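User: I have a model open and would like to go through it with you. Could you take my questions one at a time?

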Amino acid sequence: MKSGSSTVVIYAALAGNLAIAATKFVASWWTGSSAMFSEALHSLVDTSNQGLLLFGLHRSARPATRKHPFGHGMEIYFWALVVALMIFALGGAVSIYEGVIRLTAPEPIRDPWINFAVLGISFAIEAATLRVAWRELRQSQPAKPIMDALRGSKDPSIFSIFCEDAAALLGLGLAAVGLALDYALDEPRFDAAASIAIGLVLVLTAVFLARETLSLMTGESASSEVLEEVSSVLDRDPRILKVEEVLSMHLGPSDILLGISIDFRDDMTSDDIEAAVWDLSARLREREPSIRRIFVRPVRRSPTPRAATTS
């Protein structure tokens, strides 16, 4: 995934959430709706999260140094984890707390039509930003089911935005149901219950994002598709007798480290092996540009022990 695509997704979500958050806060203040306040808080947290992801992308793009010889690509994973924690603490937990407070001390909602108008506008904007994230996610995972695509994505700036927007649409639906029941039955507790439900959605979203990001932070391997491409190149090379081991790790969304242990043909000289390593490295990078660093370790099989003889 190119960083430019990631930036487009983040800026689209940032612009949409900033406008939505301001509108929701005004509507919440005017009408006194707990669900609308939770939605406003949700959009504000999402806006802050997009800022953190942009900061993380900027930090991860720094060149390699002597202290960080493999670059800083993994820093985006740290900031994505911070995003997940913010969704959990500032979005989910506060929304649940607000709903519980309003559940014990319900207050009537004023001018409910304002909330419905804001929810409608917000739904249209969130759907548009979700479409941008969906398009970028599908470019890298075109055929997989959506959950497999999210788990298979190595770019948190893509799958975090997608999950945030999907949770936002679900939260808008919950807020609309709570407000409708509140208005139809004249029961403010439905509005408070919607706030709690929105908080639970945010908590579940945060847990999913934290789990996926933690996997990347702790050295997740390249996707099965990439490893299949690697095996295809190696298996077809007549100079290779056996591939002993293929190790991979993502150092960033588009930065894969590859370590290979290969048993070359016994009749090859050191110059032949050196040429084979350069050739294989070039072919692997051509097939999969995300493979930035390749380490090849030539190995030799242990000689077969001779059978014991008796005199």
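**A loop residue, helices and a core**

Analyst: Aspartate 186 counts as exposed, with a relative accessibility of 64%, where exposed means over 50% relative accessible area, buried under 20% and partly exposed in between (1.4 Å probe, protein chains only). Before going further, please note that this is a predicted model, in which local features need pLDDT of at least 70 and side-chain atom pairs count only at pLDDT 80 or more, while totals for chains, interfaces and linings use all residues. Residues are numbered from 1 along each chain as its sequence is written, and side-chain values use heavy atoms, with hydrogens and water left out.

User: Where is the place of aspartate 186, and what is its phi?

Analyst: Aspartate 186 sits in the loop between H6 and H7, and its phi is positive, about 55 degrees, although the residue is not a glycine. The helices here are DSSP runs (H or I, at least four residues), numbered from the N terminus.

User: At what angle do the axes of H6 and H7 cross?

Analyst: The axes of H6 (residues 156-185) and H7 (residues 189-217) cross at roughly 170 degrees and come within 8 Å, the axes being lines fitted to C-alpha atoms over the stretch in contact, with angles from 0 to 180 degrees between N-to-C directions. H6 is therefore roughly antiparallel to H7, a label that applies to angles over 145 degrees.

User: And how do the residues of that contact divide?

Analyst: The contact of H6 with H7 comprises 17 nonpolar, five polar and three charged residues. In that count Ala, Val, Leu, Ile, Met, Phe, Trp, Tyr, Cys and Pro are nonpolar, Asp, Glu, Lys and Arg are charged, and the others, Gly among them, are polar.

User: Staying on H6, is glycine 171 buried or exposed?

Analyst: Glycine 171, which lies in helix H6, is buried, with a relative accessible area of 2%.

User: Switching to H2, what caps its N-terminal end?

Analyst: Serine 33 does, through a side-chain oxygen that lies 3.1 Å from the backbone nitrogen of methionine 36. Helix H2 itself (residues 34-60) has 27 residues and spans 38 Å from first C-alpha to last, close to the 39 Å expected at 1.5 Å a residue, an expectation taken as 1.5 Å times one less than the number of residues.

User: How many of the H2 residues are buried?

Analyst: In H2, 20 of the 27 residues are buried, and the helix is mostly covered. Glycine 51 lies in H2 and is partly exposed, at 34% relative accessible area, while its C-alpha is 7.4 Å from that of leucine 14, 37 residues away along the chain.

User: Now the largest nonpolar core: which residues touch the most other members?

Analyst: Among the 48 residues of that core, Leu53, Ile87, Leu150, Ile161 and Leu209 touch the most other members; a nonpolar core is a set of buried Ala, Val, Leu, Ile, Met, Phe, Trp, Tyr and Cys residues joined through side-chain atoms within 4.5 Å. At least two core residues come from each of H1 (3-31), H2, H3 (75-104), H4 (112-140), H5 (146-152), H6 and H7.

User: Which helix gives the most to this core?

Analyst: H3 does, with 10 residues. Alanine 80 also lies in helix H3, and at 0% relative accessibility alanine 80 counts as buried.

Notes: Angles under 35 degrees count as roughly parallel, over 145 as roughly antiparallel, 65 to 115 as roughly perpendicular and the rest as oblique. A polar contact is a pair of N or O atoms within 3.5 Å; within protein, one must be able to donate a hydrogen and the other to accept it, and residues adjacent in sequence count only if both atoms are side-chain atoms.
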